[in-house]
Each structure stands twice: as structure tokens, then as C-alpha cells.
Amino acid sequence: GYKNLMILTSKSYIEGLYYKPRIDESLLKEHSNGLVCLSGGISGKLSSLLLEGKTKEAEELSRSYSNIFGYENFFIELQDHGISDEKKVGPLLIKLARRLGIPIVLTNDTHYALKDDATSQDILLCIGTKRTREDSNRLKFYGSDFYIKSADEMSSLFPNYPELITNTVRIAAMCNVDIPKLGPILPIYNIPEGFKNKDEYIDHIVNEGLKQRYETITDEIKKRADYELSVIKEMDFVGYFLIVWDFIKWAKDHDIPVGPGRGSGAGSIVAYAMTITDIDPLKYNLLFERFLNPERVSMPDFDVDFCFERRGEVIDYVREKYSDENVGQIITFGTLKPKAAIKDVGRVLDIPLQEVNAIAKLIPEDPKLKGFKDAFERNEELRAIREEPKYKELFEISEKLENTNRNTSLHAAGIVIGREALVNYVPLYRDTKTGKIATQFPKDLLEDCGLVKMDFLGLKTLTLLKRTEGLIQKKGGEYSSFL
């Protein structure tokens, strides 16, 4: 059931997106196994047919869903948010369910946690649709009942039908799935002919690389390389090193500027020998253990800087090598920070732009700012304005909306690779701006799901050179070989 949900939601974005993600009944039939289906609320197809007096069509639709999902897995859904059409269609839905022998369940359409959040949710809706609150021609919810109601509140809606509530528990008991945390599963790297296995192949690459890097391979160099290789093999990360080596080699072979390496990965002589990095860890006394050691349970992580103008070519190469459906980008969620919240809420409340901007300027431009609370502690004038009656609602709503998700975008540097198609691990999403396929889960969840994350940071060539130049200046010219 969970896998079918991943496929359905992925296809709704990738194949069915038209302003909003969509699926059809043929897709439901194909991926219905293990799922529970509810008929939907007042705007659903079943309620719409009954309100239009199309009882026969409503019966046919209900039988169709029962056949698709199985009699025990399809429920006719009843709701009451105080909307007049819900009052009309409620008895019709109960009558239809009784006639067809289909179980009924009482639900509440939930868009915010508490009843007091209704105003804040309305403002957030205005932000998302770029409307003001006073705009009469805008999307708006009727009333303030779209919150998580208590059991007593739900029971009081249809007191003569106790099975509506017990079916809620019945469905909850049916939704029982244990999603394993797979950990990163590396894609298979194909070893060229002439080598028994990947261990032998990486030994060959490293030994040849050491000859290129050093005029004389001393006992110290050999001992360090052998030690690192033993750890890499013991932890089963040979495939990871080969994958990273392969696309960096491809980039360099195609004259795509690649950064010298940064972070703890620069402490690996194996990475240096494989030209994954261009920093000699022995020369600068860098520790391999900061990058990888047997006690570390997470994947090693090379941060690779590519030329911004040609970064896409490297990603395309990875897609072609490991299959397009096995490679994707990563979603990120933009959240409302204090300054943005004040500007967005101020616009929705129709507060003059000049006033809103003046208030926003009082919020420090500091990435370490810890929200509104920190801003008030730092700025006495901001605290005073907050107490002014005409700005009371502006601050109340802005503070409540702080850190809520405002928009989605793509991770600037990250891509993921799966051993199989990504949809077997996570649900997918099509970015409306670029058309690119990305995971619906953010980066911190992906390795648990079985995917391998790679950071391909795209830097403008000038920035790439400046970063390198900064290292050179810092080390008094010792890094001059980078240029």
C-alpha cells in the first residue's frame, strides 16, 4: 500500500500535473492494492453527483470504487463543517451507503491544528494565491471548522450514527505499516574487464594515481594508502569512491572546471590519488579519520565544486550512466522568516508598503537571528511598534506563521542516485519552474530511504578561482598548484 501511494503521488506530479497533481481511475485500478479509499468531501465527485440529483451515477461510482479497492477498503465519507450543501448531501450519502451496504466514516477536512488558527491559515492562503484579505474574488474557506476536532466534537455531529466514529478507529487499525530504514544503497558500478572485483579495481586506480602524484612512493605514503583502502573496503564504501571518481574524471576529461576539494574529504590520500581532491593530506597533516573511520555510521560525503555554467553536463552524464529514472534532484522547502513574514502579511492586510518596509528594516539582517523573539530582544524600537494597536494583528499573525512552509524549490547542489528507480524508494515531484524531477522528501531523510546523496555545487568560474585564490593567500602560496 505504501509503495502504491508513492507511485500514485509521483505520477500525479510527473504525468498528471495541471496546475495541481492529478490521477485518474485507470491509474487507481493499477495501484489499488493495500490501500484504503474514502469518497471525499463536498467537492468530491460522489457528493457532487448526489447534489445534482444524479443518484444512479452516484451508485455506479460507489460500486466502481468498491470493486477497485475491495468492499472492506472503500468508505463513503461524511463531513459537517457547517456548510449548507453538507447538510443537504449528508442524508443522501447515508441513504446511498445503506442501500449499497458500503461502510460510512465521519471525517473532518483539516487545514490547521486549532480553531484559533483559522485566521492565520486564511492569511497564508492569501500569501500563496497573491491576494489581499479584502479581495472578494479569492479562494476562501467557509467558517473556522477546518481544524483537528476532538472525539467529543466529532461524535456530536451525528449522534444517531455511532458507527461513523468506530469506523475511524477501524481504518486507523488497517493503516499499519512498518517502513524500514534501509540506509544508503549504492548503485552498482560496472567494473571493466580484466579486474576480478571492485576492490582490485580501486587498488589499481590508487596505485597508478600515487605514481602520478609523487615522484617517490615512500613507506609513509604506501602505509597511509593501504590503511585508508582497508577502512574503505571494510566499511563497503569502495563503490562510493568509484562513483565519485568516475564523474569527476569525466568532468576533467571534458575540460569542466572542478574545485580542489574542501571539507574533511581533503584528508584522504586515496581521494588525492584518485584526483577526487587536489590536496596532499600528508603535506598539510590532514587526518583521514575526520572523513571516515569504522565508528562512523553515515555515508562519507565529498562536497564537489563544479563550474556553474557546465554543472548540468555532469548531472546529465550521471543520469545517462545510472539511468534517468534512478537519478533526481532534491526538494527544499522555503520557510517564512521574520522579515519575509512581516512583508507578506503586511501586503495581505493592505498595510501601506512604506510602513511595512520600515518595520521590516528593523529586523536584523543576520543569518543567526533566532526568530521574532530574538529580533525583539535586539531592537527596542521594534518592540515598541509591536505594541501599537494598528500593528497588533500584523505581528500576531506574522509570529504565528513564522517557519511555516512558504514555497518549494530545488536543492542548489544535491542530487540523489538509486540502485533502482527512485519511485521505489521515495515519492517524486516535478518542479513547476524547471520541469525537473525531484524527491518529495528533503535531503536529511533520503539516506534512510535507501538513496545516495551527492553534492554537486555549481560555482561561477570566477568564484571557483576566487575560492582557490583564498586558499593560496591563506597558506602563503603553498596551494599555488591549484591554479
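**Cores and cavities**

Mentor: In the largest nonpolar core, which has 55 residues, F241, F247, M274 and M454 touch the most other members. Such a core is a set of buried Ala, Val, Leu, Ile, Met, Phe, Trp, Tyr and Cys residues joined through side-chain atoms within 4.5 Å, where buried means under 20% relative accessible area with a 1.4 Å probe, protein chains only. This is a predicted model, in which local features need pLDDT of at least 70 and side-chain atom pairs count only at pLDDT 80 or more, while totals for chains, interfaces and linings use all residues. Residues are numbered from 1 along each chain as its sequence is written, and side-chain values use heavy atoms, with hydrogens and water left out.

Trainee: Which element gives the most to this core?

Mentor: Helices here are DSSP runs of H or I with at least four residues, and strands are runs of E with at least two, numbered from the N terminus. Among the elements that each supply at least two residues of this core are α9 (198-213), β4 (303-307) and β9 (452-459). With eleven residues, the one that gives the most is α11.

Trainee: How many residues does the second, separate core have?

Mentor: This core includes L8 and L27, and I76 and L78 also belong to it. Its number of residues is 28.

Trainee: Which element gives the most to the lining of the second largest cavity?

Mentor: With three residues, the element that gives the most is α5.

Note on methods: Buried means under 20% relative accessible area, exposed over 50%, partly exposed in between (1.4 Å probe, protein chains only).
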